[in-house]
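This report describes selected features of a single chain from its coordinates.

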Amino acid sequence: MASFVTEVLASSGKLEKEDLSGKISKMSRKVEDTKEEVCDMINKRYNDFLPSLQSSEELMLQVDAVSKEMDTLKNCIENEVQNVHVAVAEYTKLKQQLEKNTVIITMLGHLKEFHSAMEEFNKALLEKKYVDAANRLERARKSVGSLKRWKTSELPLLSALSSELTVQRENLIYHLGDEWKRLVIWKLPSTKEPAGEMSFLKVELKLSNACSKDGELKPPTLLSSVLQALAIQGDLQHKIKLFSQVLLKNMLKPLVMYASLSVRVTEQQGEGTTLALQCLEESDEERCAPSKVYNKLLLVLKTLHSHLLDVSIGDKKLSAILGELIWEEMSHTIIHECLVHSIPTNSSQLEKYNTVIKETEEFEKSLKEMEYLQGDSTDLLKYARDVNCHFASKKCKDVIVAARKLMTSKMHNTVKITPDSKLRLPKLPAPSSESKVKPESLKEEVTMENSKQLSAWSLRLPACRISESVQQLMELALDTLCEAVGSSTQSALQLFFTVRNIFQLFYDVVPTYHKENLLKFPHLAAIQHNNCMYLAHHLLTLGHHFRNHLPQPLSEGVATFVDMVPGFRKLGAQCFLAQLNVQRAELLERLSTAHNFCNLDDEDNYTAASKAVRQVIHQLKQLGTVWQDVLPVSIYCKAMGNLLNTAITEVTAKVMMLEDISSEDGNHLQTLCQTIIDEGPLVFIPLAEEKKNKKYQEEVPLYVKKWGTFKELVIVLQANLQEIVDRWADSKGPLALEFSSSEVKNLVRALFQNTERRAAALAKIK
């Protein structure tokens, strides 16, 4: 072969076409022979697995020699082609054949590269040089990739090479995983155990740094080699992700969630470092303070950093890779399991919260130094710095929950309210924006003062009873408004509108939640009426008291509750009127059993009528007792008067409908009506002291509209014709004031027989 090349090089530059063609043909045959020998060797090595180390080395040398001759011949031919213009077509054909041979030689070079890389890989793997092994395997992969790009590649051979590459990659990953398990050892509780605080006491993480047998490398050299090899093979992210998930679930999160858990770090010479969770018996706190949480987490992360994660992978530290995987979930846990509960419940404690903000800043600073964190500000620090907003939100939530609890509590626990009762309004600081009033304006105000002053009883609630829960609700609203004073604009707005929401919630919840009881129990209906009037009364001036002490726009008139007053008054009135309608319906139902007060000479009819009257009186007395000292006196008297008026109006109407009243019937009717007249005023007992009720019992005509009419009816039932005519007195007497002439005539016709005297009396009634 060498003589052949020498002859080519020794030529004068004017090669004969026939000689050149012959030489190229001879070269092509040599190339084909070499290709067959190489493919046969590769097949035996990677497909048939036959050992042929010596022959393969000789073959590789042969490939190199042929390759050099081809390069020389190629250069020679290219030079000749440039000078020969006559045989362009033939030379082009020869060149194409030469390029084909060049492609084959290139493929053979890739096969050689693959073989060399795999040999070096096996050697590096045995010596535990994992980075070198990973690099050689990557080089072999690129060689196979280059072979796949040629369409003329031998497909069976490529399949064998790909399979070998896959097997060896998995072999490397297995060895790397085995080394990782020896360096990082987890001890976790059984999945069958119930999840809870005590189960985490079995969690343990051991970071081994012992020198293994046979003089193997010590960490961090071995660790760095393993991690870099994993990175080269693209498996590092998956391995660290699995580690981060176990770390979060079994160590970091429990340390945040359980105040009694802490971490114990022990170092044993020659064996490694162990992190284990332990329980603090002296800890009785339900939630852990942020400073303690930060200290526990830093202890874990610093230990991991110094013994495991302080390794550079390319241009990035391993701690940075782990930080990207755990930070979002860890910060979310810290916020919702720790910082949320550390938010103050009182504005006076807000200044002390600056300590927590500084602790959070120091925590993040430490994480950045260890490269767990990148960037300037995170959600954790933003949350801690936005304490005013979170305070307002937490306060609003707590206030609404407390308010709803009060609204759904029992209403019958009451407190006495008197005209002298006042809200315990706090002493507020003078508003800074308020300008000083000039003496001239004070003088002007004095001169403009009206000589007529309001009564001392103006804007005072009458004596009554309200639910204790409503009084507490008003105190809750006052406390919340006090928190708004001095707060930021955003917080003040949130707190103020939360107070409005409290009252709106009362308006919506209480009538619905207590609906059945408000209709069933008159006592509760009266209390609900008072509750609404009490709230409406204080809502008139509540906004005015705080307005000047709140930031804009609240101080400019937005801070008012006056618009809610009509709604509360209407709510209270509707509730009590609904109860009055229930009582009125019961009175009428009882009177309906009196058989229309007819034929009272029949013993059964009289008994039924008498029973109905007694039941009406008893019902009114019961209501009088139930509402006593609960309703304001004026409301009490109006309500009792209205119900008594309903009863006597019904009795009067029934009597006026009778067409024939015998003497005995008249006596019975008079007896029943007289019972109502005698006992009716006695149902007016608004006050607990009996002596003070006499005044209201004497004022029955003021509250019972038809009282005079009913008394005249009783007189007529026992009067003779002349007495009736005298009480009519030509339409000017007391009888004429209560009844019309037609009603009196009908009554006379029912009471007296048809005689000349009756006719004469009827003639006078007109």
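The model is a predicted one. N596 sits in the loop that links α19 (565-591) to α20 (603-627). Its phi is positive, about 60 degrees, although N596 is not a glycine. Most residues other than glycine have a negative phi. The loop between α19 and α20 also holds N599, a residue other than glycine whose phi is positive as well, near 50 degrees. N599 has a relative accessible area of 46% and is therefore partly exposed.

**The chain as a whole**

The chain has 766 residues, and 43% of them are buried. Its secondary structure consists of 29 helices and eight strands. Of the contacts between residues at least 6 apart in sequence, 77% are between residues at least 24 apart.

**The four-stranded sheet**

Four strands form an open sheet in the order β1-β2-β4-β3, and the pairing is antiparallel. β1 (184-187) and β3 (261-268) are the edge strands, each with pairing on one side only. On average, neighbouring strands of this sheet are turned by 15 degrees against each other, with direction ignored.

| Strand pair | Sense | Bridges | A bridge pair |
|---|---|---|---|
| β1 and β2 | antiparallel | four bridges | K187 and E204 |
| β2 and β4 | antiparallel | five bridges | S208 and G272 |
| β3 and β4 | antiparallel | eight bridges | E267 and T273 |

β2 covers residues 204-208, and β4 covers 272-279. In β4, six of the eight residues are buried, so the strand is mostly covered. Helix α9 (residues 290-309) lies across β1, β2, β3 and β4. The angle between α9 and β3 is about 25 degrees.

**The largest cavity**

How many cavities of 30 Å³ or more does the model contain? The count is three. The largest cavity holds about 70 Å³ of space. Its lining is made up of 13 residues, and those nearest the centre are L406, M407, S469, V470 and F506. The lining of the largest cavity has seven nonpolar and six polar residues, with no charged ones.

Four helices each supply at least two residues of this lining: α13 (387-407), α15, α16 (489-513) and α18. The largest share comes from α15, which gives three residues.

S469, one of the residues nearest the centre of the largest cavity, belongs to helix α15. Is S469 buried or exposed? S469 counts as buried because its relative accessibility is 11%, and the cut-off for buried is under 20%. Beyond its neighbours within four places in sequence, S469 makes contact with L406, S409 and K410. L406 is also among the residues nearest the centre of the cavity. S469 and M407 are separated by 62 residues in sequence, and their C-alpha atoms are 7.0 Å apart in space.

**The largest pocket**

The largest pocket has a volume of about 540 Å³. It is lined by 21 residues, and S421, K422, L423, H537 and H538 are the closest to its centre. The elements that contribute two or more residues to this lining are α15 (468-484) and α18 (522-547). α18 contributes the most, with seven residues. By class, the lining of the largest pocket comprises 11 nonpolar, six polar and four charged residues.

Two helices take part in the linings of both spaces. α15 gives two or more residues to the lining of the largest pocket and at least two to that of the largest cavity. α18 likewise gives seven residues to the pocket lining and at least two to the cavity lining. The leading contributor is α18 for the pocket and α15 for the cavity.

Technical notes: Residues numbered from 1 in each chain as written. Predicted model: local features only at pLDDT ≥ 70, side-chain atom pairs only at ≥ 80, totals over all residues. Heavy atoms only, no water. 1 Å grid on protein atoms, 1.4 Å probe; cavity = no way out; pocket = protein on both sides within 12 Å on 5 of 7 lines; lining within 4 Å. Points joined across faces, edges and corners; volume = space filled by probe spheres on them. Nonpolar A, V, L, I, M, F, W, Y, C, P; charged D, E, K, R; others polar. Pairing = 2+ DSSP bridges. Axes fitted to C-alpha atoms, helices over the stretch in contact; angles between N-to-C directions. Contact = heavy atoms within 4.5 Å. Buried < 20%, exposed > 50% of the residue type's maximum accessible area, 1.4 Å probe, protein only.
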